[in-house]
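Please keep the structure in view while reading.

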Amino acid sequence: MGLVGLIFELVVLVCLAAGIASNAAVVGSCDMLDLRNGSLGPWRADFNGSGCVVWDKSDEATDWILNMARVCSMMGLILGCIFTFFAFFKQCLCPLPCGQLIMDISGIGVQISLALVWPMIRSNVCQTLGCSWGGGATALLLAQIFFFAASIFSRCMREPRYERRKERRDEHKEEEQAKKEPVEEPVEADAEEGHAAKVY
């Protein structure tokens, strides 16, 4: 792939790092939704100016939409880390079993998990207090974009490092063998030409 493959490789690795950072911001956010009396995130909340603290799941145990967003935001972060782990090992260290397949599955899983965080705005809390999207929603959108780009371009990366090293070693061996092989001189052909000249 050459230079183009190198560019795609850098794009994938940068997008994965940015995707994990954005997803972590979603998990740690307490302003995914802006409420009349504060703000709310999948795991943290700020009610009545009490500060950004972890909210107790038991307080909203019956709100399945909030519980789903809570689980899916963390699941997206875990799948994103798996995606990054396999991509880094594949390109930089050593091959792993079913590497590309696991990258594809984790890439799809990240998108599904993060997409299931958006229904938070239809939760019972929002129906009661009224909600609007806050700064955490921007981090969620960015995380999806970064992981989507990494999933697409992961199939366009150049050959892994260990394969490039193997190709260079093979080429070096061929060059060494070519240098060691003696050059055969066409002695018989010259003798036959000399014999033909004497006959004539």
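Contact here means heavy atoms within 4.5 Å. By that criterion, among contacts between residues at least 6 apart in sequence, 69% join residues at least 24 apart in the protein chain. The model is predicted, so local features need pLDDT of at least 70 and side-chain atom pairs count only at pLDDT 80 or more, while totals for chains, interfaces and linings use all residues. Residues are numbered from 1 along each chain as its sequence is written, and side-chain values use heavy atoms, with hydrogens and water left out.

**Fold and surface**

- The protein chain has seven helices and five strands, where helices (H or I, at least four residues) and strands (E, at least two) are DSSP runs numbered from the N terminus.
- Along the sequence, these elements come in the pattern α-β-β-β-β-α-α-α-β-α-α-α.
- Of the 200 residues in the protein chain, 34% are buried; buried means under 20% relative accessible area, exposed over 50%, and partly exposed in between (1.4 Å probe, protein chains only).
- The protein chain exposes about 12,000 Å², and carbon and sulfur atoms supply 63% of this area, as computed by the Shrake-Rupley method with a 1.4 Å probe.

**Nonpolar core**

- A nonpolar core is a set of buried Ala, Val, Leu, Ile, Met, Phe, Trp, Tyr and Cys residues joined through side-chain atoms within 4.5 Å.
- The largest such core holds 33 residues, of which Leu16, Met32, Leu40, Val117 and Met120 touch the most other members.
- At least two residues of this core come from each of helix 1 (2-28), strand 1 (33-35), helix 2 (64-93), helix 3, helix 4 and helix 5 (135-153).
- Helix 2 contributes the most, with eight residues.

**Aromatic pairs**

- Four aromatic pairs are found in the whole structure; rings of Phe, Tyr and Trp (its six-membered ring) pair if their centres lie within 6.5 Å, and planes under 30 degrees apart count as stacked, over 60 as edge-to-face and the rest as tilted.
- Phe85 and Phe86 are an edge-to-face pair, 5.6 Å centre to centre with 80 degrees between the planes.
- Phe85 is partly exposed at 42% relative accessible area, whereas Phe86 is buried at 14%.
- The pair Trp118 and Trp133 is edge-to-face because the ring centres are 5.1 Å apart and the planes lie at 80 degrees.
- This pair links distant parts of the chain, 15 residues apart: Trp118 is in the loop between helix 3 (99-115) and helix 4 (124-129), and Trp133 is in strand 5 (residues 131-133).
- Trp118 is partly exposed at 24% relative accessibility, and Trp133 is partly exposed at 36%.
- Phe85, Phe86 and Phe89 make up one aromatic cluster.
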